[in-house]
Structures are given as C-alpha cells and as structure tokens.
Amino acid sequence: MGLPLFPPEHDPGPDFVGLLRLTTDRADLPARAGGAAGSGLPVDVPHGTTVVALRYADGVVMAGDRRATAGNIIAQRDIEKVFPADRYSAIAIAGTAGVATEMVRLFQVQLEHYEKVEGSTLSLEGKANQLAGMVRQNLPMAMQGLAVVPLFAGYDTSRGSGRIFNYDVTGGHYEDTDFQATGSGGRDARNTVKLGWREGLPLDEALDLAIQSLYDAADEDSATGGPDPVRGIYPIVAVVDAQGYREVPEPDVAERFGALIARRQAERAS
C-alpha cells in the first residue's frame with residue numbers, strides 16, 4: 001500500500017505529523033502553534049527532571065536520571081529519559097513525562113518518514129529544527145503547565161564532531177558548544193560539568209563527568225533520582241559518535257557510580 005495522494009496545496013511532503021492530521025482523526029497530536037488551549041487539565045502529572053549532555057573528543061555523551069515526580073510524590077523510579085532519535089542522534093526529555101514520551105515517538109517516526117520520502121537523511125541541524133517545531137506546537141499545553149523541554153545532541157557526520165542543542169517551551173533552540181543540562185536539577189548538573197569539562201575530553205572521563213553531574217544534582221534537587229543500588233536502578237547514559245548511538249551497559253554505569261561514592265567517602269574520611 002503506497003502513500004495517499006494529495007493536491008499540491010495540501011501535500012504534507014516529508015512532514016509525518018502533517019500526514020497524520022490529513023489521514024486520521026487522532027486527538028493526541030501536538031496542537032498547531034497558536035491553536036486554542038483547553039482548560040481544566042491536571043497539573044500534578046508525572047514530570048521528568050534532570051538530563052545532561054556534553055561533548056567529548058569523538059562525539060557526545062548524554063545522560064538522564066530515572067525519577068519522575070508528581071508534586072512532592074515519586075511517581076516512577078525507573079522512567080527512561082534518554083532515547084535514540086536515529087542512528088546518529090539522541091534526545092533527552094525533561095518536563096511532563098507523558099507528553100514528552102509521545103513527542104519523542106513522533107520525532108523518531110518523523111525522521112524515519114523524512115528519510116523514506118526524500119531518500120536522504122536530514123542534517124543534524126535540520127533534525128534540531130524539526131524538533132523545535134514539535135516543541136512549538138506544544139505551546140498551548142505548556143501554557144497550562146504541561147511543558148516539555150528536550151535536550152538534543154548527535155554526531156554531525158559532515159563536521160566529524162558532536163553537537164548539542166537545547167530548547168525553551170516556545171520552540172526556540174540554541175546550540176551549545178560544549179555542554180548543557182536541563183530540568184529541575186539542571187543548574188547543579190551544569191555547574192559540575194562546567195568545572196570538569198575541557199576540550200578533547202576522552203570518553204572515559206566524559207562518562208565519569210556525566211555520572212558525577214547527575215549525582216551532584218540528586219544531592220541538591222529532591223526531584224532528581226540518584227543511583228539506587230537496592231533496586232538496581234541507575235541513570236541511563238548514552239554515547240553518540242561515528243559508530244552511532246549506543247547505551248552504556250548498566251553494569252558499567254553501576255561500577256562508575258560505585259567508584260564515585262567510594263571516592264566521596266574517602267574524601268569525607270580524610
């Protein structure tokens with residue numbers, strides 16, 4: 001079965017969300033920018049918190065804690081906040097968990113749809129622009145407290161380096177040269193990375209720095225979840241480089257957290 005045909009003035013082209021609007025009656029699609037906002041939506045819904053991305057010598061490292069909160073309640077202890085967008089890019093979410101997760105799924109399909117229709121992949125900057133449009137379309141919901149603030153990063157195959165983009169609720173997006181963090185613990189995570197980052201950082205040190213930033217954020221921000229050895233829950237850490245997207249195995253993340261805690265205990269004892 002092929003794609004439906006549209007007259008030129010209504011053809012959505014490679015826009016997957018636009019195609020859905022023309023061919024389905026789904027009510028859960030992002031509202032168009034400037035659309036009317038509803039009223040009476042609940043505010044105490046699960047929210048994701050701290051995510052961080054930093055550039056290293058060969059690409060980018062992205063990490064996110066696992067806690068979702070609803071007001072002062074822990075809504076979920078093992079939520080995923082870091083996802084592959086496609087082979088060479090990753091997206092991390094902070095904000096309203098349900099809306100953010102749906103946005104990630106649409107974004108993933110949008111990139112795949114574009115590649116199938118156009119026969120080529122978007123540039124990394126083009127992907128960042130596509131995500132900005134989705135964030136902007138969610139503005140009516142954001143005005144009611146259901147905001148989504150993603151963090152996007154990837155490996156730019158044309159430049160041979162990692163790049164990081166952050167967003168605001170209006171869809172504005174800005175490239176960060178070296179590192180960025182967002183969410184309720186973003187300031188604390190960003191401060192940790194700022195103190196430890198340097199140009200040409202090796203992957204091993206970049207992973208440790210990302211883990212340390214989440215640990216420090218959890219120490220200051222109650223909505224950010226730290227390592228949970230009892231339940232075996234640790235932040236998700238991913239790497240994107242010339243080999244593509246890959247998650248760091250959980251045993252490796254657990255080992256790095258264990259080493260960090262041992263160092264902190266030794267410092268306190270000295």
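Which residues of α6 are buried? They are Ala206, Leu207, Leu209, Ala210, Ile211, Ser213, Leu214, Asp216 and Ala217. Buried means under 20% relative accessible area, exposed over 50%, and partly exposed in between, with a 1.4 Å probe and protein chains only. This is a predicted model, where local features need pLDDT of at least 70, side-chain atom pairs count only at pLDDT 80 or more, and totals for chains, interfaces and linings use all residues. Residues are numbered from 1 along each chain as its sequence is written, and side-chain values use heavy atoms, with hydrogens and water left out.

Start with helix α6 itself, residues 203-220. Helices (H or I, at least four residues) and strands (E, at least two) are DSSP runs, numbered from the N terminus. At 1.5 Å a residue, the 18 residues of α6 should span 26 Å, and the end C-alpha atoms are 26 Å apart, which agrees. The expected span is 1.5 Å times one less than the number of residues. The cover over the buried residues of α6 includes β2 (51-56), β3 (59-64), α5, β13 (236-241) and α7 (250-269). An α-helix has 3.6 residues a turn, so residues three or four places apart point the same way.

Now look at α5, residues 186-196. Helices α5 and α6 pack at an angle of about 140 degrees, with their axes 7 Å apart. Axes are lines fitted to C-alpha atoms, for helices over the stretch in contact, and angles run from 0 to 180 degrees between N-to-C directions. From α5, the contact (heavy atoms within 4.5 Å) uses Asp188, Ala189, Thr192, Val193 and Gly196. From α6 come Leu209, Gln212, Ser213, Asp216, Ala217 and Glu220.

Next, the aromatic rings. Rings of Phe, Tyr and Trp (its six-membered ring) pair if their centres lie within 6.5 Å; planes under 30 degrees apart count as stacked, over 60 as edge-to-face and the rest as tilted. The count comes to five aromatic pairs. In one, phenylalanine 107 and phenylalanine 152 have ring centres 5.8 Å apart and planes at 80 degrees, so the pair is edge-to-face. Phenylalanine 107 lies in helix α2 (residues 97-118) and phenylalanine 152 in strand β9 (residues 151-156), so the pair ties together parts 45 residues apart in sequence. Both are buried.

Tyrosine 234 and phenylalanine 257 form a tilted pair, 6.1 Å centre to centre with 35 degrees between the planes. Tyrosine 234 lies in the loop between α6 and β13 and phenylalanine 257 in helix α7, so this pair ties together parts 23 residues apart in sequence.
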